[in-house]
Amino acid sequence: MQKSLENYLEAADGAGKVLAHAKLLMKLTHLYQEIAPAHLGQTSSLANFKSGTIVIHAVSGAAAAKLRQLAPTLVDGFCKRGIECNGVQIKVQARKISIQSMTSAQKPLGSRARRELEGLRDSLPNAPLRTALETLLARAATKE
């Protein structure tokens, strides 16, 4: 079974082109990590290679701008490593943020901090800052 699947994936009439492209992308990804500066390699990833153009996804506009400035250097680096590369295309593709990181843990206020915030609230006139402090104190858990 495993051998027949491997044969199918490597056959020209099967998924051979897909497998060959996947292997090429893996090779290019390793080369990209060697060529790109470390800080940009961590904030971007090689996404595709089509018609001699390497497509790179950056996680932010700032990283994309830096990569666009380095495009000639990246092309030269790939060419020196035997890849027929005639251009680099940079796209911004933000990474998905996990839901877990979006939830915040409630951190309780110590009794001293609560007393000081209440004193500050009581010293303020009726204004948005006083209302905000009242809301904070109402929502905050007390550390006991």
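Author: Contact means heavy atoms within 4.5 Å. This model is predicted: local features need pLDDT of at least 70, side-chain atom pairs count only at pLDDT 80 or more, and totals for chains, interfaces and linings use all residues. Residues are numbered from 1 along each chain as its sequence is written, and side-chain values use heavy atoms, with hydrogens and water left out.

Reader: What pattern does the chain follow along the sequence?
Author: The chain has eight helices and three strands. Both are DSSP runs, numbered from the N terminus (helices: H or I, at least four residues; strands: E, at least two). Read in order, they give α-α-α-β-β-α-α-β-α-α-α.

Reader: How much of the chain counts as buried?
Author: Buried means under 20% relative accessible area, exposed over 50%, and partly exposed in between (1.4 Å probe, protein chains only). The chain has 144 residues, and the share that counts as buried is 27%.

Reader: Which residues is Val88 in contact with, leaving aside neighbours within four places in sequence?
Author: Val88 is among the residues with the most contacts inside the largest core. Its partners beyond those neighbours are Thr53, Ile54, Ile56, Ala71, Leu74 and Val75.

Reader: Which side chain makes a polar contact with the side chain of Ser44?
Author: Ser44 lies in strand β1 and is buried, with a relative accessible area of 3%. A polar contact is a pair of N or O atoms within 3.5 Å; within protein, one must be able to donate a hydrogen and the other to accept it, and residues adjacent in sequence count only if both atoms are side-chain atoms. The Ser44 side chain reaches the backbone oxygen of Leu40 at 2.5 Å. Its side-chain partner, also at 2.5 Å, is Tyr32.

Reader: How far apart are the end C-alpha atoms of helix α8?
Author: Helix α8 has twelve residues, 128–139. Its expected span is 1.5 Å times one less than its number of residues, which comes to 16 Å. The model agrees: the end C-alpha atoms are apart by 16 Å.

Reader: What arc do the buried residues of α8 cover?
Author: Arg130, Leu133 and Leu137 are buried in α8. They sit on the same side of the helix because the arc they cover, taken from the directions from the helix axis to the C-beta atoms, is only 60°.

Reader: Which helix do the buried residues of α8 pack against?
Author: On the other side of α8, Pro128, Ala138 and Arg139 are exposed. The buried residues of α8 pack against α7.

Reader: Which backbone oxygen does the side chain of Arg130 reach?
Author: Arg130 lies in α8 and is buried, with a relative accessible area of 17%. Its contacts beyond four places in sequence include Arg121 and Asp122. At 2.7 Å, its side chain reaches the backbone oxygen of Leu124.

Reader: How far is Ala141 from Leu109, C-alpha to C-alpha?
Author: Ala141 is in the segment after α8. Ala141 is partly exposed, with a relative accessible area of 28%. Ala141 and Leu109 are 32 residues apart in sequence, and their distance in space is 6.2 Å.

Notes: A nonpolar core is a set of buried Ala, Val, Leu, Ile, Met, Phe, Trp, Tyr and Cys residues joined through side-chain atoms within 4.5 Å.
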